Amino acid sequence: QVQLVESGGGLVQAGGSLRLSCVAPGRTFSGYTMGWFRQAPGKEREFVAAISWSGDSTRYADPVKGRFTITRDSAKNTVYLQMNSLKPEDTAVYYCAADGPYPIGIPPSPHAQTYDYWGQGTQVTVSS
């Protein structure tokens, strides 16, 4: 069992930035693809970004390309989602998820059903 804990959410004005963090207390992410998903009120959970366990492959949803960046720091066992140029439509609960373990070279999946472990989520609210 992998417990994931997100942090970094909050209220920000449109055009602002936030950085979300995801840690797994007492566990390593080694071998796991890590993803960020979000769910707005009344909408289904949607893919935001994912990164391979080696960190050399990333994938983004079209609405966030060029604005969001996913990275991972293996030494700190932390995955980040840097969100710039935020828009009101980015308002949602953001979830961190882990998928694996996998051998090296497996590209990150954008499909929520492939992820085995999920955090509780952190609220991001962007005001206009």
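Buried means under 20% relative accessible area. Keep that cut-off in mind on this tour of a predicted model.

**Stop 1: the overview.** How many salt bridges does a search of the whole structure find? It finds four.

**Stop 2: Arg-38 and Asp-90.** Select Arg-38 in strand E4, which spans residues 33-39.

Is Arg-38 buried or exposed? Its relative accessible area is 6%, so Arg-38 is buried. Asp-90 is buried too, with a relative accessible area of 1%.

**Stop 3: Arg-67.** Look for Arg-67 in the loop between strand E6 (58-60) and strand E7 (68-73). Again the pair links distant parts of the chain, this time 23 residues apart. Arg-67 counts as buried because its relative accessibility is 10%.

**Stop 4: the network.** Which residues do salt bridges with shared partners join into one network? They are Arg-38, Glu-46, Arg-67 and Asp-90.

**Stop 5: Lys-65 and Asp-62.** Clear the view and select this pair. Lys-65 forms a salt bridge with Asp-62. The closest N and O atoms are 3.0 Å apart. Check the surface around Asp-62: this residue is exposed, with a relative accessible area of 60%.

Technical notes: Residues are numbered from 1 along each chain as its sequence is written. This is a predicted model: local features need pLDDT of at least 70, side-chain atom pairs count only at pLDDT 80 or more; totals for chains, interfaces and linings use all residues. Side-chain values use heavy atoms; hydrogens and water are left out. A salt bridge is a side-chain nitrogen of Lys or Arg within 4 Å of a carboxyl oxygen of Asp or Glu. Helices (H or I, at least four residues) and strands (E, at least two) are DSSP runs, numbered from the N terminus. Buried means under 20% relative accessible area, exposed over 50%, partly exposed in between (1.4 Å probe, protein chains only).
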